[in-house]
Amino acid sequence: MDVGKKAENAVDMRVNIAGIVWKNPVTTASGTFGSGKEFAEFVDLNKLGAVTTKGVANIPWAGNPTPRIAETYGGMMNAVGLQNPGIDLFCERDIPFLRQYDTKIIVNVCGKSEKDYCEVAERLSHEDVDMLEINISCPNVKEGGIAFGQNSKAAEHITKAVKRYAKQPVIMKLSPNVTSISEMAKAVEAGGADAVSLINTITGMKIDIHRRQFVIANKTGGVSGPAIHPIAVRMVYEAAHAVKLPIIGMGGIANAQDAVEMILAGADAVSVGTANFRNPAVTMEIAAGIESYMKKYGFACVSDMVGIVD
Amino acid sequence: MADRKVETVKIISQECLAEGIYSMWMETEAADMAKPGQFLSMYTNDAGKLLPRPISICEIDKVNHRLRVVYRVTGENTGTEQFSRMEEGESLKILGPLGNGFPLERAKGKQVFLMGGGIGVPPILELAKQMDCTEKQLIIGYRDHHTFLKEEFEKNGQLFISTEDGSVGTKGNVMDAIRENALCADVIYACGPTPMLRAIKEFAAEKSIECYISLEERMACGIGACLGCVCQSKEKDAHSNVKNKRICKDGPVFLATEVEI
């Protein structure tokens with residue numbers, strides 16, 4: 001396309017992710033935005049393409065011992081361990097809250113076994129939510145989580161299983177802690193995934209040299225934030241070349257420039273995570289910044305930018 | 001909706017009170033809503049250190065829209081070290097006030113202990129200034145003779161000091177100061193390191209004293225979303241649906257019997 005001749009003013013911010021139309025390409029990375037309610041004082045949720053909620057399991061999980069958080073240079077590390085209130089309270093309290101807003105609801109689903117994931121997917125099939133994101137990439141829980149996300153056969157299998165129960169489109173959230181992200185993306189595509197999201201956090205470790213002990217009680221944690229952004233861009237690029245599925249790109253996006261970079265690498269939409277902790281209003285600012293970029297360079301719609309740097 | 005935001009505030013003054021202990025006054029809208037026991041998320045100007053530092057509020061001046069924080073520099077190349085280098089007239093980003101604060105109303109007509117230890121000392125100052133009670137006993141624990149805020153405490157209650165090295169007041173900790181002076185209370189408010197709070201909680205339980213403690217933990221968001229800073233609760237918490245409470249949002253002040261420390 002001839003980008004120079006596109007309309008200067010009217011830009012279409014909408015994106016279509018597996019048949020669900022978001023008003024703009026910005027959502028929140030699971031675990032950094034609570035269920036949306038915690039941020040509603042700071043963000044007009046109506047201005048987000050979608051809200052992706054913190055991972056929810058079939059029953060409440062207490063998560064890991066503290067300390068769960070450490071700062072790292074240009075980022076942070078967490079081992080919260082998927083603390084969540086369980087699907088019953090989530091459906092009763094968090095979905096109705098989010099439904100008051102004009103935004104799409106993506107529910108992140110976690111589990112320790114195939115049965116756990118399927119139970120939540122089935123339960124959500126009766127609920128008014130728009131998409132499911134299946135977390136097979138959390139590095140901070142001993143069972144489930146990443147166990148499904150580091151082996152392509154297991155990833156394909158869990159995708160197929162969840163797809164049998166899910167009514168909404170299924171996004172498989174991939175781990176960067178793998179040898180080949182392309183292989184993992186292909187595996188979930190073969191399993192019938194409707195979209196992929198990547199990257200989850202990168203497993204790291206931090207040691208307190210004065211106390212000579214691990215900073216995080218779990219010893220290891222997931223590293224996120226601007227420090228991991230170039231890794232995420234590279235992986236989004238590789239995944240985009242491996243599969244035809246829509247891609248939600250994330251990993252260290254802190255501003256609109258980072259988001260545009262991710263889209264140019266092949267992401268159809270973006271998630272903002274750790275940056276919410278530095279500026280609670282950053283998601284709205286990023287959505288507005290992407291629009292400004294499109295106006296400046298004459299892109300009429302978001303899809304015109306996706307993966308054009310090849 | 002979307003009515004709160006990170007605020008850029010002006011530093012009015014910065015002063016070193018003792019080795020590694022700094023006092024900063026800032027002009028901020030956050031002063032209008034602030035209560036004793038609440039905290040601010042303070043952001044460094046260094047994008048390499050992206051998480052806010054939760055710092056307790058030491059004094060509130062609603063008339064001049066000012067807040068004071070007294071904080072400890074936690075080490076070399078830390079965010080708090082960067083704050084300590086900032087000067088009058090420079091600006092800083094903050095979010096707040098955050099958290100619940102101390103329940104002042106429980107002190108009315110009562111004999112009260114206000115206890116602070118280490119870098120848990122500063123929030124006790126505004127609490128003491130606002131507290132309306134029959135007998136206001138301030139029991140403050142320091143490491144050594146660097147008894148920062150001492151003069152201000154003296155103006156706001158009956159002050160008992162403990163120091164680890166015995167250089168001022170009772171030698172030992174705040175519990176030793178209570179014993180040495182044979183002090184009694186109906187309500188306790190405390191902020192300090194976990195071992196101190198544990199001892200106070202035990203003391204309060206033995207004597208059936210109503211006791212409020214302010215907890216500390218590493219935080220990321222400061223607004224109840226990330227679940228980084230939880231503490232264990234005695235009963236299942238209504239929000240988390242497990243036995244965890246969020247220190248930033250449900251606290252930092254808890255009824256001592258509510259939490260496991």
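This tour visits a helix pair in chain A, and then the domains and sheets of chain B, in a predicted model.

**First stop: two helices in chain A**

Select residues 114-125 of chain A, which form helix H2, together with residues 152-165 of chain A, which form helix H4. The two helices pack with their axes 8 Å apart and at an angle of about 30 degrees. Angles under 35 degrees count as roughly parallel, and H2(A) and H4(A) are therefore roughly parallel to each other. Their crossing is right-handed.

To view the contact, display the side chains of Glu114(A), Tyr117(A), Cys118(A), Ala121(A), Glu122(A) and Ser125(A) on the H2(A) side. Facing them in H4(A) are Ile158(A), Ala161(A), Val162(A) and Tyr165(A). By class, this contact comprises seven nonpolar residues, one polar residue and two charged residues.

**Second stop: the two domains of chain B**

Now colour residues 7-98 of chain B as domain 1 and residues 104-260 of chain B as domain 2. The C-alpha centres of these domains lie 21 Å apart. At their boundary, 21 residues of domain 1 are in contact with 18 residues of domain 2.

Which elements of domain 1 of chain B give two or more residues to the side that touches domain 2? They are strands E1 (7-18), E3 (39-43), E4 (53-56), E5 (59-61), E6 (66-72) and E7 (91-98) of chain B. E6(B) provides the largest share, with three residues. On this side of domain 1, 15 residues are nonpolar, three are polar and three are charged.

Keep chain B in view and follow the open sheet of seven strands in the order E4-E3-E7-E1-E2-E6-E5, where the pairing is antiparallel. Strands E4 and E5 of chain B are the edges, each pairing on one side only. From one strand to the next, the twist averages 35 degrees.

Within this sheet, zoom in on E1(B) and E7(B), an antiparallel pair joined by four bridges. Thr8(B) has Lys93(B) in E7(B) as its bridge partner. Next, select residues 122-130 of chain B: this is helix H2 of chain B, which packs on the sheet and touches E4, E5 and E6 of chain B. The direction of this helix makes about 50 degrees with that of E5(B).

**Last stop: the three-stranded sheet**

Finally, select the open sheet of three strands in chain B, ordered E15-E14-E17 with antiparallel pairing. Its edge strands are E15 (244-246) and E17 (259-260) of chain B. Strand E14 (residues 230-233) of chain B is joined to E17(B) by two bridges. In E17(B), Val259(B) is the bridge partner of Ser233(B).

Notes. Residues numbered from 1 in each chain as written. Chains lettered and ligands numbered in written order. Predicted model: local features only at pLDDT ≥ 70, side-chain atom pairs only at ≥ 80, totals over all residues. Axes fitted to C-alpha atoms, helices over the stretch in contact; angles between N-to-C directions. Parallel < 35°, antiparallel > 145°, perpendicular 65-115°, else oblique. Left-handed = near helix turned anticlockwise from the far one by under 90°. Contact = placed C-beta atoms within 7 Å. Nonpolar A, V, L, I, M, F, W, Y, C, P; charged D, E, K, R; others polar. Domains from an automatic or database assignment. Pairing = 2+ DSSP bridges.
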